[in-house]
Amino acid sequence: MQNSVAIGYLTLRNRVFLAPMAGITNLPMRIIAREGGASLTFTEMVSVNGLTREGRKSFDLLKTTPQDRPIGMQLFGDEPEMLAEAARLVEGYGELIDINMGCPVKKVVGTGAGSALMKDPAKVGRIIRCVRKATALPFTVKIRTGWVCGDDTYLEVGRIAQEEGCDAITLHPRSRAQMFEGKANWAKLAELKSALKIPVIGSGDLFSADDVVRMMRETGCDAVMVARGAMGNPWLFREALALLGGEVPVPPTVAERLAVARRHFELFNEFEGGRVALMEMRKHLAWYSKGLPGAAQFRAAVNRIEHAAELVGAMEEFFDG
Ligand SMILES: Cc1cc2nc3c(=O)[nH]c(=O)nc-3n(C[C@H](O)[C@H](O)[C@H](O)COP(=O)(O)O)c2cc1C
């Protein structure tokens, strides 16, 4: 289970990916996850409206580096032709195209995109047909179980995705109405896996190496995507890979925590610049320090810091001290 997996012509060196997260899986976070062991990462979702109107902000979200490859570019929109046009525009920016059919937030579903598409499998079919014609890149969709509980469309959407030429499908087995409440229903992931021939990627409630192994065993899914569990814990990837390979996972040492937090800050400085780096690191340091003694005081101190050198000092004191 630790071995490679193919999505279309793209071979990934292992089956543990970093999931797309808007506002979080930017370039520094993706590099950190990759150095932790993730074999594939995704951009934050990018609006096809923005891309087709040549919005600089939308193209900025596709910013990547050679060490951040292979990368999946996640698009959101609801118009088949616009999604196809966006797929053509981004073709040179990454290795895989994914369409977001799972986002539950009002701003997105209000436009007919994200999980609103789970209400209309016929439209999903038109979108996939159109995008499939537009790009030769490996192409996937990421879905939820349906719009509301009791009105599941994931099996129908899954079959359509396979028939129309998707190379893989990711399921986060919650309905749109559930948002992030309750538990992800992994039995539905198992059902989708047995219904399809294309690879099925599992998402939902992966917070430890043990969760990753259990999801793969219980559902038979071909790969997994870690989302919230990777925040402040990029060691989850190496721990999961160790456990999948029959080895005992090794938790991070204090020195590793400090080294990775420092590296994360350096990456933010390199790619985003000073002020953004400081602001972004506040969020990540809250995650890196979660559960450690003195975390609350550390967070409060970090939130007052205005200079890079001071932040590094606070990190050294907290993780090393
Ligand atoms: C803050 C946040 C932002 C997210 N943004 C996206 C997104 O842009 N595209 C997407 O397909 N899923 C997005 N997701 C969903 C995750 O990719 C994942 O499917 C979900 O969080 C379940 O996995 P988890 O339990 O491991 O967190 C987001 C989740 C969170 C918590």
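The model is predicted: local features need pLDDT of at least 70, side-chain atom pairs count only at pLDDT 80 or more, and totals for chains, interfaces and linings use all residues. Residue numbers start from 1 along each chain, as its sequence is written.

**Domain**
- UniProt, in an unreviewed entry, places "domain: DUS-like FMN-binding" at residues 18–313.
- UniProt positions follow the numbering used here, feature names are shortened, and annotations may be inferred rather than shown by experiment.
- Over residues 18–313 the chain is 47% helix and 11% strand.
- The end C-alpha atoms of that stretch are 30 Å apart.
- Helices (H or I, at least four residues) and strands (E, at least two) are DSSP runs, numbered from the N terminus.

**Around the ligand**
- The ligand has 21 residues around it, and Ala19, Ala22, Met45, Ala227 and Arg228 come nearest.
- A residue is near a molecule or strand if its C-beta atom, placed from the backbone, lies within 6 Å of it.
- This shell divides into 10 nonpolar, seven polar and four charged residues.
- Ala, Val, Leu, Ile, Met, Phe, Trp, Tyr, Cys and Pro count as nonpolar, Asp, Glu, Lys and Arg as charged, and the others, Gly among them, as polar.

**Helices α12 and α14**
- Helix α12 (residues 274–289) packs against helix α14 (residues 308–320) at an angle of about 15°, with axes 11 Å apart.
- Axes are lines fitted to C-alpha atoms, for helices over the stretch in contact, and angles run from 0 to 180 degrees between N-to-C directions.
- α12 and α14 are therefore roughly parallel to each other.
- Angles under 35 degrees count as roughly parallel, over 145 as roughly antiparallel, 65 to 115 as roughly perpendicular and the rest as oblique.
- The crossing of α12 past α14 is left-handed.
- A crossing is left-handed if the near helix is turned anticlockwise from the far one by less than a right angle, and right-handed if clockwise.
- Gly274, Leu278, Met281 and Ser289 of α12 meet Ala308, Leu311 and Phe318 of α14.
- That contact has five nonpolar, two polar and no charged residues.
- Two residues are in contact if their C-beta atoms, placed from the backbone, lie within 7 Å.

**Helices α12 and α13**
- α12 also packs with helix α13 (residues 295–302), at about 170° and with axes 10 Å apart.
- That makes α12 roughly antiparallel to α13.
- Arg282, Leu285, Ala286 and Ser289 of α12 make the contact with Ala295, Phe298, Arg299 and Val302 of α13.
- By class, five of these residues are nonpolar, one is polar and two are charged.

**Helices α6 and α7**
- The axes of helix α6 (residues 121–134) and helix α7 (residues 154–163) come within 9 Å and cross at roughly 20°.
- α6 and α7 are therefore roughly parallel to each other.
- Their crossing is right-handed.

**Backbone details**
- Most residues other than glycine have a negative phi, and most peptide bonds are trans.
- The peptide bond from Arg69 to Pro70 is cis, with omega near -5°.
- Pro70 sits in the loop between α3 (56–60) and β6 (71–76).
- Met179 is not a glycine, yet has a positive phi of about 50°.
- Met179 lies in the loop between β9 (168–171) and α8 (186–195).
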